[in-house]
Amino acid sequence: MKTSNLDQAGTWLRRHGFTDASPTPLLAARLAVRRRTQLGAQATVAATILAVALTYKHSQREAAAHGFGLYGLPVLMLVMVGLVAVRYALDWWVRRTDRQWEQTLPRRVTYPVRLGWRSLLGLPRAAITATAFLGAVALAMYALSIPDGTARYAAVVLLIAVCGVAVGMVVQLRHVLTRPVVADDELSLDADLVMRVEDAKDAASPALLWIMPISSVIHSNIGWWNYAWSVFVALSLIAFAVVSFATVCRGTTARSAARQATGVTVSR
Amino acid sequence: MIVIEPGSPLPPYEQLRAQLARQIQTRTLAVGTRLPTIRRLAADLGLAANTVARAYRELEEAGLIETRGAAGSFVSAAGEQARERAQRAAAEYAAVVASVGIDTSEAIRIIRAALTNAVAPSPSP
């Protein structure tokens, strides 16, 4: 086990209120693989935005030459399938590391209650995420109704991208909710729960959704639509900030929340 | 928290059953709490699904949990009702003891003897 991984695990423990705990190889390994997959996920997000923008641009050129874009939408769908596949592969990598460590544990511990999406994400955060997706779909549908071929094409591109991001999010959340607990004592059990909450929050973040139209509809210069999208993003951001601030103000550390996990909400 | 010790002399299903029963009886798990699914708990604890199913079955037979079809298994109210019934009976007994003028230590001796008789095996014919 690398010393740097143990050091980073120690920092993580202190940041989450585990001031009396020392980092273990199990925790260090689990956090290390999460850091790597997060990096991979961020690279995937960047690649997806680029791919959507390039596909849109190429389709426009194609449409200008032939009157329609032949390959743009199928390519975009493939890009979205690729995004979901990469997310799935990253989750599988995390699960594989967890499974390797499971086999080395001298004993197993878990919670006697079912931790569902409501416990991990919290109802307000889940509601904001769902609303953000519904809002994005609604705005894309409005753009579809505009009698302008370029705008409608951009709206279709946006709809495909939103659907791809939604499927990717569902795949990731399902993984967070269903993966087994990896713990052999109270500390590792609390840490497992905090990691799960963090993973769920990362998975449910609509950041990719907010920036998707930049590479499609916003480029097509529909004035009112751009304003509507800006207002929509601003409102979503404010709602997210309020939920995050309210959680911090509640004054519970992630660990104390984890200790009450038998029947309480642990979102943070 | 549920702990499964592979080195324990108790079989895993009994470790699981005993810990869940204790947490239900001490009200750590409140009435109506939804328990994990059999498959989920088996994966979390590294046990076979049959092992967890057996523990759940015995808890259900003891009236501590109930299964509501696809909704899953929940901590049952039956254990809570039994406790309330015992508390009501104890209050009635305390009232009788006070009305006939028996002192506290003798009243406790009487109830202890009654409890001993209740749990002792009946003599074979």
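Helices (H or I, at least four residues) and strands (E, at least two) are DSSP runs, numbered from the N terminus. By that rule, A:Pro74 lies in helix H3 (residues 72–102) of chain A. This is a predicted model: local features need pLDDT of at least 70, side-chain atom pairs count only at pLDDT 80 or more, and totals for chains, interfaces and linings use all residues. Residues are numbered from 1 along each chain as its sequence is written, while chains are lettered from A and ligands numbered from 1 in the order in which they are written.

**Chain A overall**

- Chain A holds 10 helices and 1 strand.
- Read from the N terminus, its elements run α-α-α-β-α-α-α-α-α-α-α.
- Of the 268 residues of chain A, 37% count as buried. A residue is buried if 20 or more other C-beta atoms lie within 10 Å of its own, exposed if 12 or fewer, and partly exposed in between; C-beta atoms are placed from the backbone.
- Take the contacts in chain A with a separation of 6 or more: 79% of them join residues 24 or more positions apart. Two residues are in contact if their C-beta atoms, placed from the backbone, lie within 7 Å.
- A:Pro74 counts as exposed, because it has 11 C-beta neighbours inside 10 Å.
- A:Pro74 and A:Asn226 are 152 residues apart along the chain, and their C-alpha atoms are separated by 26 Å.

**Helix pair H5 and H6 in chain A**

- The axes of helix H5 (residues 123–144) and helix H6 (residues 149–178) of chain A come within 8 Å and cross at roughly 160°. Axes are lines fitted to C-alpha atoms, for helices over the stretch in contact, and angles run from 0 to 180 degrees between N-to-C directions.
- H5(A) and H6(A) are therefore roughly antiparallel to each other. Angles under 35 degrees count as roughly parallel, over 145 as roughly antiparallel, 65 to 115 as roughly perpendicular and the rest as oblique.
- H5(A) passes H6(A) in a left-handed crossing. A crossing is left-handed if the near helix is turned anticlockwise from the far one by less than a right angle, and right-handed if clockwise.
- On the H5(A) side, the contact residues include A:Phe133, A:Val137 and A:Leu144. On the H6(A) side, they include A:Arg152, A:Leu158 and A:Val162.
- By class, this contact has 13 nonpolar residues, no polar and 1 charged. Ala, Val, Leu, Ile, Met, Phe, Trp, Tyr, Cys and Pro count as nonpolar, Asp, Glu, Lys and Arg as charged, and the others, Gly among them, as polar.

**Helix pair H1 and H3 in chain B**

- The axes of helix H1 (residues 12–25) and helix H3 (residues 49–61) of chain B come within 8 Å and cross at roughly 40°.
- That angle makes H1(B) oblique to H3(B).
- The crossing of H1(B) past H3(B) is right-handed.
- H1(B) contributes B:Pro12, B:Tyr13, B:Leu16, B:Arg17, B:Leu20 and B:Ala21 to the contact. H3(B) supplies B:Thr51, B:Val52, B:Arg54, B:Ala55, B:Glu58 and B:Leu59.
- The contact of H1(B) with H3(B) has 8 nonpolar, 1 polar and 3 charged residues.

**Where the chains meet**

- 21 residues of chain B are in contact with 15 residues of chain A.
- Strand E1 (2–4), H1 and helix H2 (38–45) of chain B each give two or more residues to the side that touches chain A.
- H2(B) gives the largest share of that side, 4 residues.
- That side of chain B has 13 nonpolar, 5 polar and 3 charged residues.

**Helix H2 of chain B**

- H2(B) is mostly covered, with 7 of its 8 residues buried.
- Among the buried residues of H2(B) are B:Ile38, B:Arg40, B:Asp44 and B:Leu45.
- The buried residues of H2(B) pack against strand E1 (108–110) of chain A together with E1 and H3 of chain B.
- Just after H2(B), B:Gly46 takes a positive phi of about 65°.

**Loop and domains of chain B**

- B:Arg27 sits in the loop between H1 and H2 of chain B. Its phi is near 65°, a positive value in a residue other than glycine.
- B:Arg27 is exposed, because it has 12 other C-beta atoms within 10 Å.
- Chain B is divided into domain 1 (12–76) and domain 2 (79–119); these bounds come from an automatic or database domain assignment.
- The C-alpha centres of domain 1 and domain 2 of chain B lie 32 Å apart.
- B:Ala94 is found in helix H4 (residues 78–100) of chain B. B:Ala94 is partly exposed, with 13 other C-beta atoms within 10 Å.
- B:Ala94 and B:Val52 are 42 residues apart in sequence and 42 Å apart in space, C-alpha to C-alpha.
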